Amino acid sequence: MIYGLRILVTGGAGYIGCHAVKELVKAGHRVTVLDNLSKGHRAAVKDANFVQADLARKKIVTELLQAEQIEAVMHFAASSLVGESMQHPAAYYQNNVVNGLNLLEAMREAGVTYLVFSSTAAVYGEPIATPITEDHPTLPTNPYGATKLAVEEALAWYYRAYGLKYISLRYFNAAGADPDGDLGEDHDPETHLIPLVLKVALGQLPAVKVFGSDYPTPDGTCIRDYIHVTDLAGAHVLAIEALAGGSEPAIYNLGNGSGYSVLEVIRTAEKVTGRVLPLNTTGRRPGDPAVLVAGPEKIRRELGWEPRYSDLPTIIETAWRWHRNHPRGFAEK
Ligand code: UFG
């Protein structure tokens, strides 16, 4: 175990970032969050230093790394919506690639050599084999996945040339909320299935839209691998400690290896909430693969990662507690 690392978390006020900050602090690390609050919430950062700044301002980032004597970085700050990326690729290249490279350059200038990078299953594109293992070809079908892959490729070259050691974590579907009830999902606009389903359960939305019922799956709806955000956060702690302990660069999938259909998610949410959820089946959402399920063995084997909360009822129960207790998210009740 490695304690007391000084870690900069970019995007630490966002959904996944804030859960990771909580786990890092619990594990005894000293965290500084850098977030421009374009999507994140100041109230989501509880036990860490907070700096409101944008990665576009490289000098500020370099100075922060130096002033705080940062030893390792976790990089969550990014734009992450597939549909939006199709409409605004330039914004995705700017925010994810240009600002991502600013961070790498700032790290180089400040001599920081460990990075845990938030990547995505979207780097694989339409799967040619399921479950998807890390050696599956990377052929992204949208700018979001392409920009994340571009940074992964830069990391491989930065390692070779400058010795920057990284672990890239390719998330499948992050879901659920902090089991203590302090943190949860609060996006505007919300596009993800589980929070939308729970907003219907709360009466904030009239019906769950089901995007397509004619996929080649048992019930005709898309299958995804949902992973609890606290389990995902725990993997980041293992990854940063592995790097600081001398591990070589690596890429890992983060999923559970089991898939659930959209209808299974909705039925489970009905059981958890005790409410009947009206459905509205519409056409397919462009760009959605039928099935995305991870082969997650590599991170279990190499980092000893074990999910604790990742069965679907637990994911939905924790999310439900958050949404019921915080119907306006992180805003004041
Ligand atoms: N869905 C619906 N109705 C909705 C919202 C979603 O039926 O109102 C369906 C989608 O079609 C999809 C599934 O529910 O089949 C999950 O959709 P989400 O939007 O919750 O998540 P995605 O699988 O689209 O996206 C996730 C991550 C992305 C990542 C992508 C990889 O959120 O960051 O996986 O493909 F890029």
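In this predicted model, Glu 63 forms a salt bridge with Lys 59, and the closest N and O atoms of the two are 3.2 Å apart. Side chains of opposite charge can pair when their charged atoms come close. Because Glu 63 and Lys 59 are four residues apart in helix H2, which covers residues 58-67, about one helical turn separates them. This pair belongs to a structure that holds 14 salt bridges.

The protein is divided into domain 1, made of residues 6-175 together with 227-254, and domain 2, made of residues 193-224 together with 257-331. Where the two domains are in contact, domain 1 contributes 29 residues and domain 2 contributes 23 residues.

What is the area buried between domain 1 and domain 2? The value is about 2300 Å², and carbon and sulfur atoms give 67% of this area. On the side of domain 1, the residues that lose the most area to domain 2 are His 228, Asp 231 and Tyr 252, which together make up 26% of what that side buries. Turning from area to pairs of atoms, the count of salt bridges between domain 1 and domain 2 is zero, whereas 11 residue pairs are found in polar contact across the interface of these domains, both residues of each pair being at pLDDT 80 or more.

Which elements each supply at least two residues of the side of domain 1 that touches domain 2? They are strand E7 (173-175), strand E10 (226-228), helix H7 (229-244) and strand E11 (250-254). Helix H7 gives the largest share of that side, with seven residues. When the residues on the side of domain 1 that touches domain 2 are sorted by kind, 16 are nonpolar, nine are polar and four are charged.

The model also contains a ligand, and 20 residues surround the ligand, the closest being Asn 173, Leu 193, Lys 209, Arg 285 and Asp 288. For Arg 285, a polar side-chain atom lies 2.6 Å from an oxygen atom of the ligand, and for Asp 288 a polar side-chain atom likewise lies 2.6 Å from an oxygen atom of the ligand. In the side chain of His 192, an N or O atom is 3.0 Å from an oxygen atom of the ligand.

Some details of the backbone in the loops also deserve attention. Thr 130 and Pro 131 are joined by a cis peptide bond, with omega at about -5 degrees, and Pro 131 is found in the loop between strand E5 (114-120) and helix H5 (143-162). A cis peptide bond also joins Asp 188 and Pro 189, where omega is about 5 degrees, and Pro 189 is found in the loop between strand E7 and helix H6 (193-201). In the loop between strand E2 (30-35) and strand E3 (49-52) we find Leu 37, which has a positive phi of about 60 degrees although Leu 37 is not a glycine.

Another loop, the one between strand E4 (72-75) and helix H3 (82-87), holds Ala 77. Leaving aside residues up to four places away in sequence, Ala 77 touches Thr 10, Gly 11 and Leu 55. Between the C-alpha atoms of Ala 77 and Leu 205, which are 128 residues apart along the chain, the separation is 29 Å.

Note on methods
Residues numbered from 1 in each chain as written. Predicted model: local features only at pLDDT ≥ 70, side-chain atom pairs only at ≥ 80, totals over all residues. Heavy atoms only, no water. Domains from an automatic or database assignment. Contact = heavy atoms within 4.5 Å. Buried area = accessible area lost by both parts, 1.4 Å probe. Salt bridge = Lys/Arg side-chain N within 4 Å of Asp/Glu carboxyl O. Polar contact = N/O pair within 3.5 Å; in protein donor to acceptor, adjacent residues only side chain to side chain. Nonpolar A, V, L, I, M, F, W, Y, C, P; charged D, E, K, R; others polar. Near = heavy atom within 4 Å.
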